[in-house]
Amino acid sequence: MALLPKSSVKTLFSATKTLTAIRPYNKAASDDPSQLARADLGKLYHIPVDAAKNLNFNKILPSKYAKQLNTLDECAILCRPQFLEVLHCFQAVRPTFPGIRVVLWGRFGTGKTLTLAQAVHYAYTQNWVILNVRDVMDWTRVVKDVQMSTYRTGRIDLPEHSVNFLNHFKQQNQHLWKTILTDLKTTKDYVWTKTEKTPIDKPLTDIVDMGLASPFLANDCVGALCRELRLHASSGALKLLVAMDAGNSLYGRTVIRKADRTFATTDELSLVQQFRKFFRDDWTNGLVLTIADKREISDAHIDPFIPIETQLYTEAEAKALHDYYKDKQWLVTDEARSEAGLKQLYYLAAFNPHHFERLCAFN
Amino acid sequence: MISTLRAGSSLLPVAGLGRRLNSTLASRMKRAAAASGSYESEEDQRHRLEEQVDEYGEQFRELFINPKRKLAAQLQLERMTGRTEREKYSRADIHDRLAVRRPRSEEMPVDQDWPSVWPAAATYKSSVVPLPIRMGTRKKPEKRAPFKKVGNLELLKIPNFLHLTPEHIKRHCEAMKKFTTPFPPELIQNPSLAESEFPVTVRYSDYLHQGTSLRDPRARVNTIEVKLDSFPDFDEHAKDKFRHLVGSRFNEETNTLTIVTDRCYTRKQNREYADFLLTALYYEALKVESWEELKARNDNLKVEFAGSKVEKRIAELAKKAEDVSPSAVKEFAETWYEYRNQPETPELTRSYEDSVRKLLGISRLVETEKPKPASSE
């Protein structure tokens, strides 16, 4: 893309502005998510690829979209009502108000995970601290190594998942690593074992590094990190976004077996308990964004929360994406590129965003 | 053969049996036997027998080459093509057959009084029932119809309801009418009186069978339905206790208790058991036991807002944030109660969202149109 020098690119663009250029697809007014407004509904905005890399989008986004990101080498997302609602909730966060709980719900393929990723990017641009759990169902259903907790008897630690989470946290908050997270200090002594401890007034990054260095301490470090972030958010030193995909799995079932071969409940997992604390009212200045995943049947009592619905495409939204795919040569056949083809795609996909994208990928 | 040639010989059929009766020889003999004066004079006869001789002294004998009858093959052809009439012969057992009467059903007029013919339950009699019934299996019913009713044992084995035709029923009802009283006109005018005067509805079913047995085990099932409101002296405690005792047999929407009993052998026993259950439930619900004071929040049938964690949270929220109005809290409480106590539906979730937004002061940015009514996933 960087073949022409920047100056000539500018003149090129100004030249096209004077002509009534027909845009290949509907672009939003700006790529900065904080500038998005109602006028930008149904339009695509771009997330810079390096931001996508930093935020580990490959792991968070739905696999099909991640592949598209890699193929097209750009991340263009449609601005839809649910994202604007989430942005509005972001703006309502303040130090005097307890953590706002937002739950994204909706049918399969309507954009819950994608909206979560957009929210994570917005928090990144606004220098919020991001605590992003890729999939809570991983913790409850994918059994890696299991350890009994030394902090609380009866609790189960998940060292490998904790290490993965800490790595993910470190990756996503690299832009704040040297600034906020180093400036903010621990509020108490943390005695991990007889030999290891993190004393008071040490940067928060020490907790993360301790967890990464010794996996058997990782789960306790996660808990300490969560506690510290809550305290500092309440004091106004940082704004916290807790984004959990499949957050309702915190109240669901697990496949982890205990020593007596019965299944553990989610109450017995320390990771789950640590993240459930974010649903309490004892901290402020943060937003907890979760997704109610239909894969899990659960009875989560996290009232009062704001349920935001993700819906199927409108004709305008589907058309905007269709134009984008046309422009990117993603659509292969002539029939798919035609108006009649678009109408067929509407109904074949039943206006479902996931199926629409899949159909466009194969036609 | 000569003995048959008597006074009635002219009435006898000519063909078949009498083929040789018309032969030339036979006619000659008839003429000879007629004895009404010979057709030939004595002189002629003497001449024929004595004088008409050949050189050997033999009499002249007439030669009959063509018999004076049609050959069997020709006759058959004529019969087959219909050029001659077929003779009609009566059967050998004609007298025995005439001695037996036709079945009664053939003489029945169409507008007869059936209840008089079949007044009570009886086995099927094919000669009495004038219906053209067939019954029986065939390998290929389209080629050969099922067996006819005469001598059909299957028709006898099955139960028939010829004693219960509409006309029968009408007459039974007419006969019973003098023992009945008129239907209360108040119940017709005011249908809701039926609920207040007769609160208990009993249901049971009878089953008909096409088979050798009329029994069905399902006939013993007894269902009783009562509305909770029909218990006049039930207070809140009694209603709650009643619902706890009864469990899933209570329908919240219609406020009805349904008890299905089938553990006893007879319907009467099941009915009495259901009556016993109803009585026991009534008295137990009115009682207040000492252990009932141990009832906790967990034992409530519905999750109440008052005393819940949410209420505490909102109270603290109201303390922290100033812009939480009591009306918003009240509306939230009502919506939360609905959302929490009913199965979760999209509509309930949306109304919950509205009340939370009002409570927290975060309004909706975009008014989205109603979602498309597509099939559920």
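This briefing covers salt bridges, helix packing, a surface patch and backbone features.

The model is predicted. Across all chains it holds 45 salt bridges. One of them, Lys328(A) to Glu74(A), ties together parts that are 254 residues apart in sequence. Salt bridges with shared partners also join Glu85(A) of chain A to residues of chain B, among them Glu353(B) and Arg357(B). The backbone includes a cis peptide bond between Asp303(A) and Pro304(A).

**Salt bridge Lys328(A)–Glu74(A)**

- Side chains of opposite charge can pair when their charged atoms come close.
- The side chains of Lys328(A) and Glu74(A) form a salt bridge, with 3.1 Å from N to O.
- Lys328(A) sits in the loop between α14 (315–327) and α15 (334–337) of chain A, and Glu74(A) sits in the loop between α4 (63–72) and β2 (75–78) of chain A, so the bridge links parts 254 residues apart in sequence.
- Lys328(A) has a relative accessible area of 27%, so this residue is partly exposed.
- Glu74(A) is buried because its relative accessible area is 16%, and the cut-off for buried is under 20%.

**Salt bridges within helices of chain B**

- Lys268(B) and Glu272(B) pair in a salt bridge, and their closest N and O atoms are 3.0 Å apart.
- Both residues belong to helix α11 (residues 267–286) of chain B; they are 4 residues apart, so about one helical turn separates them.
- Lys268(B) is exposed, at 60% relative accessibility.
- Glu353(B) and Arg357(B) are both buried.
- The pair is part of a network: salt bridges that share partners join Glu85(A), Glu353(B), Asp354(B), Arg357(B) and Arg364(B).

**Helix packing in chain A**

- Helix α8 (residues 159–172) of chain A packs against helix α12 (residues 218–234) of chain A at about 45°, and their axes are 8 Å apart.
- That angle makes α8(A) oblique to α12(A).
- The α8(A)–α12(A) crossing is left-handed.
- A second pair is α14(A) and helix α17 (residues 353–362) of chain A, whose axes come within 11 Å and cross at roughly 25°.
- α14(A) is therefore roughly parallel to α17(A), as angles under 35 degrees count as roughly parallel.
- The α14(A)–α17(A) crossing is right-handed.

**Nonpolar surface patch**

- Val143(A), Val146(A), Val255(A) and Phe263(A) make up a nonpolar patch on the surface.
- Together these residues have about 290 Å² of accessible area.
- Val146(A) lies in the loop between α7 (136–141) and β5 (147–148) of chain A.
- Val146(A) is partly exposed, at 38% relative accessibility.

**The loop between β8 and α11 of chain A**

- Ile200(A) is placed in the loop between β8 (197–198) and α11 (204–213) of chain A.
- At 46% relative accessibility, Ile200(A) is partly exposed.
- The C-alpha atoms of Ile200(A) and Phe278(A) are separated by 23 Å, and the two residues are 78 residues apart along the chain.
- Asp201(A) is found in the loop between β8 and α11 of chain A.
- Asp201(A) has a positive phi of about 70°, although this residue is not a glycine.
- Asp201(A) is exposed, at 55% relative accessibility.

**Other backbone features**

- The peptide bond joining Asp303(A) and Pro304(A) is cis, with omega about -15°.
- Pro304(A) is in the loop between β12 (286–291) and β13 (306–310) of chain A.
- Asn255(B) is not a glycine, but has a positive phi of about 60°.
- Asn255(B) sits in the loop between β3 (250–251) and β4 (256–261) of chain B.
- Asn255(B) is partly exposed, with a relative accessible area of 25%.

Notes
Residues numbered from 1 in each chain as written. Chains lettered and ligands numbered in written order. Predicted model: local features only at pLDDT ≥ 70, side-chain atom pairs only at ≥ 80, totals over all residues. Heavy atoms only, no water. Patch = residues over 30% accessible without salt bridge, like charges linked within 9 Å, V, L, I, M, F, W, Y side chains within 5 Å. Areas by Shrake-Rupley, 256 points an atom, 1.4 Å probe, with all protein chains shown as cover. Salt bridge = Lys/Arg side-chain N within 4 Å of Asp/Glu carboxyl O. Helix = DSSP H or I, 4+ residues; strand = E, 2+ residues; numbered from the N terminus. Buried < 20%, exposed > 50% of the residue type's maximum accessible area, 1.4 Å probe, protein only. Axes fitted to C-alpha atoms, helices over the stretch in contact; angles between N-to-C directions. Parallel < 35°, antiparallel > 145°, perpendicular 65-115°, else oblique. Left-handed = near helix turned anticlockwise from the far one by under 90°.
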